[in-house]
Amino acid sequence: MVSRKVHMSPQVTPSKINVEALTGSKADIEQAYNELKAKNLALDLTRGKPSSEQLDFGDELLGLPGAGNYTADDGTDCRNYGGLRGIVDIRKIYADLLGLPVDNIIAGDASSLNIMHDLIVWAYIFGTQDSPRPWKDEDTVKWICPVPGYDRHFSITEHLGFEMINVPMTDEGPDLDAVAELLKDPQVKGMWTVPVFGNPTGISYSRETCEKLAALDAAASDFRIVWDNAYAVHTLTDEFPEPINVLELAEKAGHPNRFWFMTSTSKITFAGSGVSFFASSASNLDWYASHAGIRGIGPNKINQLAHAKYFHDAEGVKAIMRKHSASLAPKFAAVDKVLHERLDDYNVATWTEPKGGYFISLDVPDGTASRVVELAKEAGIKLTEAGSSFPLHKDPDNRNIRLAPSLPPIEQVEEAMDGVATCVLLAAAEAAEK
């Protein structure tokens, strides 16, 4: 098996599996698994959490903005109420970072997941400014879900009872022919995306994909793309992805309100204690503010000021992200190395080799992903449940497993992945004998 140095790997096919080597080694694989269980491990590769080393990078933030330092660049007293759209100090930094006009960005609290939830719930209750009626009054609401994708995205649309439609991913983004066909249905109101270093594949949408998504005709006047750019600067190399101004693309294509664009500092500074950002057309921002102004009076401007002083500017953000890259990249390399060493001779798995983000997407023989997770659990290795990267946690092929190597020390990553490889081999050997 050759794991291509691109974002998406080909699926494992029965004709490529080295059944002879697999079944011939089954006794040795079973012995290796019994030895694995005897270690009584307690390892966790379930979620993409920053490690303690990464969290330490933000310690300076704990002393900012400092006593007596509470005034934003425009003279705003950040200790007081107001300022629903956030202070310009932090908005300017992220506008430069993302290649967007500062007037098209709102800075909020906590994480961008909160903003996504609010946007969809408000559209459900009230409708958007482009909606003929609130989404709750539609016979059904359909939502496009590129897969594998982000489980917390799917949880929001599942929670509201939307019909979620799987669309496969390619090396450059979602299958646009499939998306275009679905958009002929006026009940299709939205689409999830993670356009840069996606969760869990690590794929980044090409400029051509972005342009086509901006230009596609949609039967629903209120069709929205949730542009969750969570990993916009989360490189594993020294190179940062080129920012693509999808707001401008959409305006030029005649669909100015199409994109709900968000990002945050959650995996840059402190999870749950950072700054979130919502970027969109002026009309969308006004619509958002009309509801957000009822929900609350304004964001935590002191925290926004602290982040602005910590980052200084867009280049300051990149300097911090290079520290994160130096911490994360060896762990991702370790996963790749172990999987190659343990699995190449058997052709039983493919996986992505991302250049950024927090995850690796592992595909095993059809029908065996849940068994791999079960075997790993019995051996003391926690993996994300099989199917988690699909709506309703249902992977129709039972083949995909999301790996998250960021949290443990590299020695534990290596030990865990050696164990995972053993579980992949055992599950494949069991399946081959059926």
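A: **Rings, charges and the backbone around them**

Let's begin with a charge and a ring: Lys318 lies over the face of Phe240, and the distance to the ring centre is 5.4 Å. Please keep in mind that this is a predicted model. A second contact of this kind involves an arginine: the charged end of Arg79 is placed over the ring of Tyr70, at 3.6 Å from the centre of that ring.

Now to the rings among themselves. A pair of aromatic rings is described by how far apart the centres are and by the angle between the planes. In this structure there are 15 aromatic pairs. One of them is formed by Trp143 and Phe162: the ring centres are 5.7 Å apart and the planes meet at 25°, so this pair counts as stacked, the cut-off for that label being under 30 degrees. Where do the two partners lie? Trp143 belongs to strand E3 (residues 142-147), while Phe162 is in the loop between helix H6 (151-159) and strand E4 (163-170), so the contact ties together parts that are 19 residues apart in sequence.

Are these two residues buried or exposed? Trp143 has a relative accessibility of 0% and is therefore buried. Phe162, at 7% relative accessibility, also counts as buried, because the limit for that class is under 20%.

Trp143 has another partner, Trp192. Their ring centres are 5.7 Å apart, but the planes are at 50°, so the pair of Trp143 and Trp192 is tilted. An angle of 50° falls between the limits of 30 and 60 degrees, which is why neither the stacked nor the edge-to-face label applies. This pair links distant parts of the chain, with Trp143 in strand E3 and Trp192 in strand E6 (residues 188-193), 49 residues apart. Trp192 is buried too, with a relative accessible area of 1%. Stepping back, Trp143, Phe162 and Trp192 are members of one aromatic cluster that also includes Tyr124 and Trp135.

In the loop between E3 and H6 we find Pro148, and the peptide bond joining Val147 to Pro148 is cis, with omega about -5°. The loop between E6 and helix H8 (207-215) holds Pro200, and here the bond from Asn199 to Pro200 is cis, with omega near 10°.

Two residues other than glycine have a positive phi to note. His312 has phi near 75° and is located in the loop between helix H11 (301-311) and helix H12 (314-343). With a relative accessible area of 62%, His312 is exposed. For Asn347, phi is near 55°, and this residue is part of the loop between H12 and strand E10 (350-351). Asn347 is partly exposed, at 22% relative accessible area.

Finally, the cysteines. A disulfide is a covalent bond between two cysteine sulfur atoms. How many disulfides does the structure hold? The count is zero. Cys78 is buried, as its relative accessible area is 4%, and Cys423 is buried as well, at 0% relative accessibility.

Definitions and conventions:
Residues are numbered from 1 along each chain as its sequence is written. This is a predicted model: local features need pLDDT of at least 70, side-chain atom pairs count only at pLDDT 80 or more; totals for chains, interfaces and linings use all residues. Side-chain values use heavy atoms; hydrogens and water are left out. A disulfide is a pair of cysteine sulfur atoms within 2.5 Å. Buried means under 20% relative accessible area, exposed over 50%, partly exposed in between (1.4 Å probe, protein chains only). Rings of Phe, Tyr and Trp (its six-membered ring) pair if their centres lie within 6.5 Å; planes under 30 degrees apart count as stacked, over 60 as edge-to-face and the rest as tilted. Helices (H or I, at least four residues) and strands (E, at least two) are DSSP runs, numbered from the N terminus. A charge sits over a ring if NZ of Lys or CZ of Arg is within 6 Å of the ring centre and within 35 degrees of the ring normal.
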